[in-house]
Amino acid sequence: MPKPAAPDIDPVVTKSLSVPLLVSTLILTLTLVWGIYDEVYAMRPWKRFQADFVELYSSHLAKLKPEQAAKEKAVKESAEYQDLQQQLEAAEAEARQRMEEIDKVVNRGVTPRLLTARQTFQVIKSEVDALTYQIEVASSDSAKQSLRDDIAAIKDRDVEITLVAEDGSGEITTAPMKFAVLEAEYLRLQNKRVEMQAERAKLLESAGQIRAKRDAYQANQLAGLNEQQVDGLIAKMDNFGVDIKQIHLNDSDWVDRCESCHLGIREPVEIKAEDVGGRAEFISHPSPDLLKIHNPDEFGCSTCHNGNGRATRSAVKGHGRHKFWLWPMWQKENVQAGCQQCHAREVITEQANVLNKGRTLFLNKGCWGCHRFEGFDKESDDLAQVQQHMSIIADQKSANEKERRESIAAGDTEQDTDKADALYKRAELLTLRSAKLDAEYDALVVDEVSLVQEARKFGPNLKEIKVKLRKEWVPVWLKNPHDFRPGTKMPEFRLLDDEIQKISAYLWQNAIDGKLQAHPQGDAAKGEELFGTRGCLGCHSMGEGDDTQGGTFSANLTRVGEKSNYDYLVRWINNPADVTPDPETGETASHGIPVMPSLRLSMPEVRDVASYLMTKKTDAPYAAADFMDDPQMAKEGLTLIRHYGCAGCHEIRGLEEEGRIGTELTLEGSKPVERLDFALLGHEAEAEGWYNHKGFFERKLKDPAFYDQGKVKAHLEQLRMPNFHLSDDDITALTTFLLGAVDTTLPEHYRYQPEDDRRFVQEGWWIVRRYNCVGCHQISFGGRTSLMGVPLYQDPDWKEQLPPQLYTQGARVQPDWLLGFLENPALSETDIHRNGIRTYLHARMPTFNFSERQILKLSQFFMARSSQSMTYVAPDMEPLTATEQQLARQLFQSRAAPCLKCHMTGNPARDLRATAPNFLTASSRLKADWTYRWMLEPAKIAPGTAMPSELFRQDGDRWVFSGPLPASFSGYEKDHADLLVRYMFQLTPAELSRLVAGGVQ
Amino acid sequence: MRIWKTVPGWMMVGLMSFALACGGGGGEKGGDAAEPAGGEAAGSADFVTVDPAKAATVTGKIKLNGEAPAMPAINMSAEPDCKGLHQSAPPAEVVVASNGMLQNAFVWVKSGLNGKFQPSTTAVHLDQKGCIYQPHVLAVQVGQPLSITNSDPTTHNVHPLPTTNREWNKSQTGGGAPIDYQFPRQEIMIPVKCNIHPWMRSYVSVVDHPFFAVSSADGSFTIKGLPAGTYTIEAVHEKLGSQETSVTVGDAESKDIELTFSAS
C-alpha cells in the first residue's frame, strides 16, 4: 500500500502571519489616523483661518482700544461735552434729591402703610362678602334682614389698626378706624403710590434726555468706536465659536459660506490688511456703502461676486476658479460685472464706475451698430412697444364700438323699458371707455412721433458726403481712421487697397449732390476764441497728444480743415438738423435728432468758427481719387459695404433696410465657453489659463483679428470685427460689462427694476449719456466734466464760467420751468443768441433738438434724482407788508449785503460784470424752500459755488443777516432769509429798478 | 455621505504615503503667519529741532529779465466804498518789479529736508483793505493759523480755490469777526479771491516746514534757520511760472543765491 502522500504544508500552521498582519494593521491604523486628520483638519481649512483671525483681530483690537480710548477722552474733555455733562450732572443731582425723597416716602411710608391697610381692609371685606353671599342664599326675609344688620355692625365696628407714618419717618400710630374710613385710606394710599412712581419716572426721563444728547454728541465727534464698543468686540472674539459661518437666503435657497474665512467683512471696525498681519482675506468690505444697500443677509455674497459659495475645502474651490465651476469669482478689476446682472436696465449705476464706463463705451463707440444688446436699442425697442400698445388699443376700441352699436340697436328694438334702459346705459359706458382709449392713444402718438425722430443710426449719414467732404480724403480715412484722427470712434477695418477704392466709389456715387448756400469767410481768430469759450470743448477735443484739450465724446477737430467743405461746416454749426436736398430727386439725408446741438450762434459767429476750423489742417498730401467716379468700382463696392456691415452705423443709399452683422451680445457672458470661438488657440488658452470669457473678450477687444492667428483663409473669410484701438482701461471696462451680460439665475425680485420714480432716473441717464450732458455739467457726485479739464478753466476767474452743477437741479427749479428751458434754453423766441438765465456765461447752453418725450424724460430725471414730483404747486407765500418791502429793499441796498454786486438786474452795462442770475426769474423758476436753504448755506448745495456762505447767522430759531443791519430793522422779529425770499418771489420789474436806482452804486 | 465617497481615496493615499513617505514630517503648514509686527509707528510727535548756533541761512534775489509789463489800473467803479479809499486807482499786482527785481515771488525749500518741523502757532494775517488783499502773496505752515480780516466798509467773501485742500467760501462783513483757518496739507500758491470784487486776488502757500519767504520790493528774500544740507530752492510766481536752483549749506553757513524769471 503506497504511503499516503504527505499533506501539503499548511501555511496557516507552519508560517507565521504576524508580519503581514502587523503591516496591514499599521497601514490601517495610519490610514485611519490620516483619515481623521483629513476630516477634522485638512479638509476644513477655515478652522485655521478662524483661529488666525481671532488671534490677529484680537491683537489689533487690543492696540485699537487705547487709541479709541484716547480719542474718546479728548471728546469728553471738549467744552461742549463738558457742558452737556454738567447739565446732566445738575439734572441728575436735582433728580436724585427728589428721588431719594420719593423713595423714602414710597418705600418706608406709603408702601408698608398701604400693605397693612390693605390686609386689614381685606379681612373685613371678606367677612362682609361672606355675609353678602349668605343674604343671597338666605330663604327668608327675616334671615336676610338679620344678615344685613350683621354687615352694618361689622362696618360700623371700630378696628384698632397700627399704621406707620406716611412720610417715611417710621413713626407708628395706632388708631381705631371704621370700615369706610379704612377703605378710603387704602384707595388714597394706592393712588399716592402710583403718582409718586410716575413723578420718579419723569425725573429720570429729563436726565435721560440730556444723557441722550451727550451720547449723540460723543458719537458725532468720535471717529470710530468708543472704548466700550471696542471692548464689546474684544469680548466677541474671546467667545468666538469656530464653526461654518453661513448665509442662507430662504427665498432662493442660496447658500454662501464665504464668511467662514472672510471674517472681517462686516466688522464695525475698518480692517486693513496691515492691521491683521497682511492677511488680505480678513479685511473689511472695501465699500461699506454698498453693503448698506445690499445687506449680505438678504443678498448673499456669491450672488454678486460669483464663485462657489458652498465650497469650504479650499480657496480655489470657494472662489470657483477651476474649470469645473461655471461661475468663477470675478477678478478684482471686473468685479462690477456682478452689478450688471441685476442692473441690466441701466447705463449708469451708482458706485459702479468701471461698469458704467463699459456701458458708455458700448453706447458711444457704437458697438450696438453691429451687435444687438437689449436695452441699447432703446428707441427702436420702445417704438416697437409703443406701436404694439397702439394696435392693442385700436383693437379694443373697435371692439368697443361694435358692442356699442349693437347695444344701441338692441335698445332701439327692445319693448321693455327697463331692458332698453340697461342697453342704452351699456352703450354710454362703452362710449366713455372709448373716449378714454382715445386719450391714451393720442399720448402714444406723441411718443411714436418722438421715437421715430429719435431713432437714428450711430454714425454720420453718408448720403451727405459729397456736400460735406473733400473727395480725396475718403479713401485715406478708410485706410485707417486712427492714423488721421487718433481716438476716433470709427474703427479700423482691415481693408485691402482695392476694397477701399470700391467702397469709396460706391459711397461717393450714391451721395446727394446738393447745392449748399455759399458763405463769405469769417474771422478765424474770433472763431478760435468762440470755439474755446462757447462750450464746444465739452464734447470735442482739439490738439494731439499731451496738447489735447476738451472732451472725448465727439470728434477731435485738429485736422478737420483737411476733410471739410467750408459751406457745409457753416450749415452744420448753424443748425445740425439742417439738410440739403438732392436737386433732382429732392431726397434729403435725415439726421434724425442729431447728437450735435445748436449753440445758437449768430451767423457771423458761425462763419468765424467755421473759418477757424478750416485752418485746422496739416499739409499732408492727398492722392487724386478718380476711381471714385468709376461705376464698375461702385458696383463691386456695394457687396463689400454689405459684407463689412457699414450700414449698421451709417445711412447708405440702397442699404436702408440692412440688418446688423454681429452676434447679439445681450447674454454673451452666459454663453458656454465652448461656444466662444478660440479657433486654433484653445489649447494655448487652456495651458496659459485664459480659456474663459474674460480671456476671450480681452484678447478679442485688443485685437479683433486675434483668433485668425494660424489660419489660412481667404481675405473675405477672415474675421470682420474692426479694431477700435481701445486702451487697456477701456478693454477692462468693456470686458466687465460683457462678463456681466448674463442670463442671471437669481430670482426676479433681486433685479433692480423699479416702477416708481427711480425708473425715471434709470431712463434719464440714457439721454444724459447719449447727449453727453456730463461734458459740461456735473450731474453725479464726483463727476468731472470735460470743460473742467480744459486749461482755460483752471484760472480762478474762469472757474466761475463753468456751466452750473446739476446735482440737485430738481430741488432747485420748478418742473414746468425746466420743461420750457430744455425746449428753448434762450427762454425767448426772438432774442436767441444768448443764454436764457445765465447770460453772463461765455459757454452757452445749447438747443438740443429734443423730442417732446426726451424733454419730459429729462425733466422727470432731474426731479426724481432730487426726490421731487413733476407736479409742483407753489406754496402760498405770506404777502409782504409795506414795511417789510421797505426793510427788504433797504437790506438789499445796504453796503453789507453784496447781492446786487453779482446778480443780474437787467441793466446791460451792469450785467456785463454779473456772475449770477436775475432775481426777477426767481418766482417762475425757483422753489421757495430751496431758495431759502440756498441763501443760508449755498456750499452745501453746490460745493465751490461763487455764492458765499455765512451771509446769515442763527439767532434763536430764526436766521438773521450776519452783517450790520439798517436801523429800521430794530424790532423786526421775523426771519431775515425768509423775508428776502418773499421779497425776491414778489419782485416786480418796477421794484427791481427802484432797488437798483437806490443802491449804493 | 461625503466621508464614504472619499474612503477609497484615503486608503489609496494612505497606502502610497506609507510606501513612499518615510520621514518627511508633513507637520504644520505655514498657517501661522509671522507675528504681526508689533513695533510702534515711527514717533510722530518727534519734530526736528535745529540748533540756533548751527542754523544756516539762504538769502537771495529774485530777478526779472526783460521789461515788466505795465500793470493796468484796477477799475473799482463798481465799489465806490473802496474807490474812495484810494487816491488814484491802484494798479493790479500781477507782475510787480522795479530795477529788474521781482516782488511777490514765493520762495521755498522744495526738497532736501528730512523729518517734520513744528508748526508755528503765530497767526499769519491777511487783510482786505481798499478792496485789495494785503499782502498779495503770503505763506503759512501746515497747521499754522491764518487770520483773515476785513478792514473795508463793504462786505467781502473769502474764497480760496485749492486743489488738494478743502475749498470754502465765506462772506465777511466790513469789520466783521476775523475768519481763522488752518490748512491741513501742503499746497503752493492757492488762489484766494473775492467773488464780489473780481479784481481781488491773493495767493496763499501752505508748506509743511518753516523754510519759505516772499520776495520783497527789491526782490530780496531770506530763509533762516536751516539745518545743514543740500536743498532745492524754488521760486514760484503767479504769472511767470517757477524757477529752481540747488544750494548746499553747512552748519551756520550763509549762502546767497539768485533766481531769474523771464518777463516774456
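Reply: Start with two domains of chain A. The C-alpha centres of domain 3 and domain 4 of chain A lie 27 Å apart. Domain bounds here come from an automatic or database domain assignment. This is a predicted model, in which local features need pLDDT of at least 70 and side-chain atom pairs count only at pLDDT 80 or more, while totals for chains, interfaces and linings use all residues. Residues are numbered from 1 along each chain as its sequence is written, and chains are lettered from A and ligands numbered from 1 in the order in which they are written.

Where do these two domains sit along chain A? The assignment gives domain 1 (78-231), domain 2 (378-454), domain 3 (462-648), domain 4 (757-865) and domain 5 (882-997).

Now look at where domains 3 and 4 touch. In this chain, 21 residues of domain 3 of chain A are in contact with 23 residues of domain 4 of chain A. Contact is a matter of distance: the C-beta atoms of the two residues, placed from the backbone, lie within 7 Å. Helix H20 (524-533) and strand E6 (549-550) of chain A each give at least two residues to the side of domain 3 that touches domain 4. Helices (H or I, at least four residues) and strands (E, at least two) are DSSP runs, numbered from the N terminus. By class, that side of domain 3 of chain A has 10 nonpolar, nine polar and two charged residues. Nonpolar here covers Ala, Val, Leu, Ile, Met, Phe, Trp, Tyr, Cys and Pro; charged covers Asp, Glu, Lys and Arg; the others, Gly among them, are polar.

Next, the inside. The largest nonpolar core has 70 residues. Such a core is a set of buried Ala, Val, Leu, Ile, Met, Phe, Trp, Tyr and Cys residues joined through C-beta atoms within 7 Å. The residues with the most contacts inside this core are Leu507(A), Leu569(A), Ile573(A), Val609(A), Ala610(A), Leu613(A) and Val768(A). The core draws at least three residues from each of domain 3 and domain 4 of chain A. In soluble globular proteins, nonpolar side chains tend to be buried together. Take Leu569(A) by itself. Leaving aside neighbours within four places in sequence, Leu569(A) is in contact with Ser564(A), Ala610(A), Leu613(A) and Met614(A). A second, separate core has 50 residues, including Ile74(B), Cys131(B), Ile132(B) and Val192(B).

Helix H32 of chain A runs over residues 852-865. How far apart should its ends be? The expected span is 1.5 Å times one less than the number of residues. For the 14 residues of H32(A) that gives 20 Å, and the end C-alpha atoms are 20 Å apart, so the two agree.

Is this helix mostly covered or uncovered? Mostly covered: 10 of the 14 residues of H32(A) are buried. A residue is buried if 20 or more other C-beta atoms lie within 10 Å of its own, exposed if 12 or fewer, and partly exposed in between, with C-beta atoms placed from the backbone. Among the buried residues of H32(A) are Leu858(A), Phe861(A), Phe862(A) and Met863(A). Arg853(A) and Arg865(A) are buried too. The cover over the buried residues of H32(A) includes helix H15 (417-454), helix H28 (757-770), helix H30 (809-812) and helix H31 (815-823) of chain A. After H32(A) comes Ser867(A), whose phi is positive, near 55°.

Asn772(A) also has a positive phi, near 55°, and is a residue other than glycine. Asn772(A) lies in the loop between H28 and H29 of chain A. Asn772(A) counts as buried because 21 other C-beta atoms lie within 10 Å.

Compare Ala679(A). Its phi is positive, about 50°, although Ala679(A) is not a glycine. Ala679(A) sits in the loop between helix H24 (631-644) and helix H25 (682-688) of chain A. Ala679(A) has 13 C-beta neighbours inside 10 Å, so it counts as partly exposed.

The contact between the chains takes 38 residues from chain A and 32 residues from chain B. Helix H2 (18-42), helix H3 (45-77), helix H29 (796-799) and helix H34 (899-902) of chain A each give two or more residues to the side of chain A that touches chain B. The largest share of that side, seven residues, comes from H2(A). By class, the side of chain A that touches chain B has 16 nonpolar, 11 polar and 11 charged residues.
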